[in-house]
Amino acid sequence: MLKIKVAKNAGFCFGVRRAIEIAEETLKYKSKVYTLGPIIHNPQEVKRLEKQGIKTLKSVSRIKDGHVILRTHGIPLDVHKKLNENRNINIIDSTCPFVKRAQDVVKKLSSNKTTKDSSIVIVGEKVHPEVVALVSYGNKNCVVIETPKEARTFKDNRDLSIVSQTTQTYENFDNIVNILSENHKTSVYNTICRATLNRQQFAEKLACGVDLMLVIGGKNSGNTTRLAQICSCKTRTYHIETFRNLRENWFKNISTVGLTAGASTPDWIIKDVEIKVNKIGNSLNKLRRVNARK
Ligand code: SF4
């Protein structure tokens, strides 16, 4: 019998749940509702909202009027300004408060008398929308470092203020901080959010005790990708978006499967995966019984 164990806290975090609630509430009463880029990093949930009427646009120039919901990861300062300039646009801010806190830290560092001449290092993914927005708050004083390898070759004569993308792993953040602190005077601002940390810890613990881990979430979701990286250090792990990605042969000769999901993965996708894994387990069981009878 295939046993399924679901990690504590798998799925929606506070910030994502809040953004989805804001979007659904707005759709109830308003038309012409837009987001700039996907509201969260889960293609299936974004599609579900699009069916209800939200339009996901890439550029602010395409919006003449209506309601623009700012996504959980936030948007760059210049885009915010452009939206503000158009009086026919109503801005509805669903930026996660923890992302906002990181933005405030960067903003203060770049304007504070004692720190404005130091470099602001953001530990994160260069192309991630949250990081792109964070950099915009740094008054051209930011540099993004993704890996310890990059930290080792980083050269800057100034003092460093180090801030994290909210969904970094503690391990990567600590490694980079330690390397940079060898040759620079550093001040460290850990802005990794607790939801991220909890998910990572529960997923790692679960991965240690199962034969196979399934990490469910958008391939474009940074926090889901990092969960998969953490779990794959402990056991065989697959990062899937939906139950359609499951393959029966993954489950042969195993007895326990762990499930976890990124902070932007809705419950209905997790449930679908659970149901499908159960079905696969039952069909393999029948197969085993048939073989045993031969
Ligand atoms: S993972 Fe953390 S920072 Fe990101 S949306 Fe969720 S609560 Fe906010």
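Guide: In this predicted model, α1 gives the most to the lining of the second largest pocket, with three residues.

Visitor: What makes a residue part of the lining of that pocket, and which residues are the closest to its centre?

Guide: A lining residue has an atom within 4 Å of a grid point of the pocket. The second largest pocket, with a volume of about 280 Å³, has 23 such residues, and the closest to its centre are Cys13, Val16, His73, Thr167 and Ala263. Two or more lining residues come from each of α1 (14–29), α4 (97–111), α8 and α9.

Visitor: How is the lining of the second largest pocket divided by class?

Guide: The lining holds 10 nonpolar, 12 polar and one charged residues.

Visitor: How do you know where the ligand sits?

Guide: A molecule is assigned to a pocket if more than half of its atoms lie within 2 Å of the grid points. The ligand takes the space of the second largest pocket, so by this criterion more than half of its atoms lie within 2 Å of that pocket's points.

Visitor: Why is the largest pocket said to lie between domain 1 and domain 3?

Guide: Domain 1 (3–11 + 195–293) and domain 3 (98–192) both contribute to the lining of the largest pocket, and therefore the pocket lies between them. The volume of the largest pocket is about 440 Å³. Its lining has 20 residues, of which Thr169, Glu171, Asn172, Gln229 and Ile230 are the closest to the centre.

Visitor: Which helix gives the most to the lining of the largest pocket, and what classes of residue are found there?

Guide: The helix is α9, with five residues. At least two residues each come from α7 (170–183), α8 (194–207) and α9 (222–232). By class, the lining has four nonpolar, 10 polar and six charged residues.

Visitor: Why is the contact of Glu45 with Arg48 called a salt bridge?

Guide: The closest N and O atoms of Glu45 and Arg48 are 2.9 Å apart; the cut-off is 4 Å, so the pair qualifies as a salt bridge. Both residues lie in helix α2 (residues 43–52), three residues apart, about one turn of the helix. The whole structure has 11 salt bridges.

Technical notes: Residues are numbered from 1 along each chain as its sequence is written. This is a predicted model: local features need pLDDT of at least 70, side-chain atom pairs count only at pLDDT 80 or more; totals for chains, interfaces and linings use all residues. Side-chain values use heavy atoms; hydrogens and water are left out. On a 1 Å grid over the protein atoms alone, a cavity is a set of points where a 1.4 Å probe fits but cannot get out, and a pocket is an open set with protein on both sides within 12 Å along at least five of seven lines; lining residues have an atom within 4 Å of a point. Grid points are joined across faces, edges and corners, and a volume is the space filled by probe spheres set on the points. Helices (H or I, at least four residues) and strands (E, at least two) are DSSP runs, numbered from the N terminus. Ala, Val, Leu, Ile, Met, Phe, Trp, Tyr, Cys and Pro count as nonpolar, Asp, Glu, Lys and Arg as charged, and the others, Gly among them, as polar. Domain bounds come from an automatic or database domain assignment. A salt bridge is a side-chain nitrogen of Lys or Arg within 4 Å of a carboxyl oxygen of Asp or Glu.
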